[in-house]
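Subject: Structure for you to look at, with notes

Dear colleague,

Here is the structure I promised to pass on, with the sequence alongside. My notes on what was found in it follow below.

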Amino acid sequence: MSTPRQALNGHQPPRPLPTLPPGGQRRRLPLSGRHRPVALAREYTRTALTDWAWPEPDDVQLLVAELIANATLHGGGPLDLLLHADEHRLRIEVNDASVFLPAPREPHQPAHPGGHGLIVVARTCDRWGATPQPWGKTVWAEIDTPTPPR
């Protein structure tokens, strides 16, 4: 399920480094039964990324929106969102109660409606996957922390 990261617009300008507390930081947003989980998750993510001075926040918010939307449409609704940023990566986890693991629609048909969410996920992160849990699953995505220029 991992795919090399590709900028959606076809190029990648240099990214500034995020400002993280020593050892990184975790933030969790409970979403079970909440109204408008995609909007809540996007705003929560925006606040965290602003606090961390994370580069390319729009790409991360898009990634979070896709993961939450997929949990809403295919997983019975998201249980929570976890953002974990450290010196190596930003890890995004969305938990839901469905035991069915996500898989990209193959073959991908760009001209047809639907089936594009996991393609967007794969193109906006460095790695992604899903982990079965006793209560459902965790769908996760990781974005490597930019390294300082040499």
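The largest pocket holds about 430 Å³ of space. (A pocket is found on a 1 Å grid over the protein atoms alone, as an open set of points where a 1.4 Å probe fits, with protein on both sides within 12 Å along at least five of seven lines, and its lining residues have an atom within 4 Å of a point; grid points are joined across faces, edges and corners, and the volume is the space filled by probe spheres set on the points.) Its lining is made up of 21 residues, and those nearest the centre are N70, H74, P102, A103 and L118. At least two lining residues come from each of α2, β3, α3 and β5, and α2 gives the most, with 5 residues.

Before going further, please note that this is a predicted model, in which local features need pLDDT of at least 70 and side-chain atom pairs count only at pLDDT 80 or more, whereas totals for chains, interfaces and linings use all residues. Residues are numbered from 1 along each chain as its sequence is written, and side-chain values use heavy atoms, with hydrogens and water left out.

Overall fold

The protein chain has 3 helices and 5 strands, where helices (H or I, at least four residues) and strands (E, at least two) are DSSP runs numbered from the N terminus. Along the sequence they follow the pattern β-α-α-β-β-α-β-β. Of its 150 residues, 43% count as buried, a term that here means under 20% relative accessible area, with exposed meaning over 50% and partly exposed in between (1.4 Å probe, protein chains only). Among contacts (heavy atoms within 4.5 Å) between residues at least 6 apart in sequence, 65% join residues at least 24 apart.

Helix α1 runs over residues 37-52, and at 1.5 Å a residue its 16 residues should span 22 Å, which agrees with the 22 Å between its end C-alpha atoms; the expected span is 1.5 Å times one less than the number of residues. Its buried residues are P37, A41, T45, A48, L49 and W52. They cover an arc of only 95° around the axis, which puts them on the same side of α1, the arc being that of the directions from the helix axis to the C-beta atoms. An α-helix has 3.6 residues a turn, so residues three or four places apart point the same way. The buried residues of α1 pack against β1 (25-30), α2 (57-74), β2 (78-85) and β3 (89-96).

W52, in helix α1, has a relative accessibility of 1% and therefore counts as buried. Leaving aside neighbours within four places in sequence, the contacts of W52 include P18, P21, L83 and L90.

R36, in the loop between β1 and α1, has a positive phi near 60° although it is not a glycine, and at 52% relative accessible area R36 is exposed. A53, which follows α1 and lies in the loop between α1 and α2, also has a positive phi, of about 55°, without being a glycine; A53 counts as partly exposed, at 38% relative accessibility.

The largest nonpolar core has 28 residues, of which V60, L63, V64, L67, L81, L90 and I92 touch the most other members. (Such a core is a set of buried Ala, Val, Leu, Ile, Met, Phe, Trp, Tyr and Cys residues joined through side-chain atoms within 4.5 Å.) Its largest share, 6 residues, comes from α2. Beyond its neighbours within four places in sequence, L81 is in contact with residues including R27, A41, V64, I68 and I92.

In α3, 7 of the 8 residues are buried, so this helix is largely enclosed by the rest of the structure. α2, β4 and β5 are among the elements that cover its buried residues.

With best wishes
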